Amino acid sequence: MNISDFLIGGFAGMGAICFTNPLEVIKTRLQLQGELAARGTYAKPYKGIIHAFVTVIRHEGWQALEKGLVPALHFQFILNSIRLGIYKMCMNNKWIHNRNGDISFLRGMLWGAVGGVCGSFCASPFFMVKIQLQAQTKTCVAVGYQHKHNGMSNAFRNILKQSGFFGLWRGATGVLPIGSSTQIATFGKTKAILSDYNLVIQPTLNSFCAAFAAGTVVAVAITPPDVISTRLYNQGMDVDDKGVLYKGWLDCAYKTFSIEGIPGLYKGFWANYLRQAPHSTLMLLFFDLLITVRDKYQKRFKSD
C-alpha cells in the first residue's frame, strides 16, 4: 500500500472543489427550496441555475458563491484520500480485474462503494457544516432551516454544544455509496475501453474522457440521495435534539416523495450535473496527472 496514493487522492479532490464550489452553493439552495411543499404552493427565490447565480450575487455579493469552501476542502481531502487511495490500491493489486485481466465493472462498483462509504463517513462532519453554511443567507431569499454560524469553527462549536460529539455524524447514513461506486467503476471501465479499442490513446485525453463519462453517470445516480442528505444535514433540531422534519434517511425519502413526488428528489439536478461532470473530470484528471508525476520522479530518483 502506497500512502502517497491516498494523499494524492485528497489533493485531487481539493483542487477540483476550488473550481466547482459555486455550483455547490447553487445546488444546495435549489435542493432546499420548497422543502416538503407541493408544487405551486411556495415562493421560488431561485428560478433556475442562472437566476440563482444572479440572486446570490445581488443579495450577498460574489463572495457568497464560495460559502462553505473551507469545510468543503476538508471534506474533499478526507473523502477522496480514502476512496481514490483504495481505488488505486485495488488497481495495483488487480482486485477489480476478472480472470482475463480485464477491469470488471461490478468489482469496480464494489470497491468504489467500499471506499465511498469509508471516506464519506469519516468526512461527514465537514459535509454537514458545508451544507449549513451554504444554506445561510438573507431572509428575503432564504430556503430551508437557517443556522446561525460564523464560519466553520463556530459551526463545530455550535453543533457540539447542542448535540454533542455524535451530533457531528447526524445524517451520515444518508451518504450512500451510489455516487462513489458508479463514479469509480465508470472511470476505470471507460479508460480501459477507450484504450483497448484505440479510441483515445493519449493518456491525459483518455483520463479526461473517462472522467467526464463518470461525472455524467454519477449525476443521474446521486441526485436523489444527495437531496436527502442535504435536507437531513440542514434540518433544525428541537429541544430534545430530534430533527424537526425528519427522523432519518428513510423518513426523509418518504416525505419528500409523498409531498413533492419524483421532481422533489431531483431538485437541483442540472446544478448537480453541471457540478458533478466538471468536478469528477477535474478530480480524476488531477489524480491521474499527480500519479504520473509521482511515478516519473520516483523512477528518476531510483535511476540516480
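Predicted model: local features only at pLDDT ≥ 70, side-chain atom pairs only at ≥ 80, totals over all residues.

Which residues in α2 are buried? The buried residues of α2 are Ile 49, Ala 52, Thr 55, Val 56 and Glu 60. Viewed down the axis of α2, these buried residues fall within an arc of 120 degrees, so they line one face of the helix. An α-helix has 3.6 residues a turn, so residues three or four places apart point the same way. On the other side of α2, Ile 50 and Arg 58 are exposed.

As for its dimensions, α2 covers residues 49-60, which is 12 residues. From first C-alpha to last, α2 reaches 16 Å, close to the 16 Å expected at 1.5 Å a residue. Gly 61 follows α2, and the phi of Gly 61 is positive, near 90 degrees.

I turn now to the nonpolar cores. The largest nonpolar core has 18 residues, of which Leu 84, Ile 86, Ile 96, Met 283, Leu 284 and Phe 287 touch the most other members. At least two residues of this core come from each of α1 (3-32), α3 (69-92), α7 (203-234) and α9 (269-303). Which helix gives the most to this core? That helix is α3, with 5 residues.

What does Phe 287 touch, if residues up to four places away in sequence are not counted? Its contacts are Asp 5, Ile 8, Gly 9, Ala 12, Leu 84, Tyr 87 and Lys 88.

Finally, I would draw attention to two loop residues. Lys 94 is located in the loop between α3 and α4 (105-135). The phi of Lys 94 is near 60 degrees, a positive value in a residue other than glycine. Is Lys 94 buried or exposed? Lys 94 counts as exposed because its relative accessibility is 55%, and the cut-off for exposed is over 50%.

Asp 241 sits in the loop between α7 and α8 (249-265). Its phi is likewise positive, near 60 degrees, in a residue other than glycine. At 28% relative accessibility, Asp 241 counts as partly exposed.

Thank you for your attention.

Definitions and conventions
Residues numbered from 1 in each chain as written. Heavy atoms only, no water. Helix = DSSP H or I, 4+ residues; strand = E, 2+ residues; numbered from the N terminus. Expected span 1.5 Å × (residues − 1). Buried < 20%, exposed > 50% of the residue type's maximum accessible area, 1.4 Å probe, protein only. Arc of directions from axis to C-beta. Core = buried A, V, L, I, M, F, W, Y, C linked by side-chain atoms within 4.5 Å. Contact = heavy atoms within 4.5 Å.
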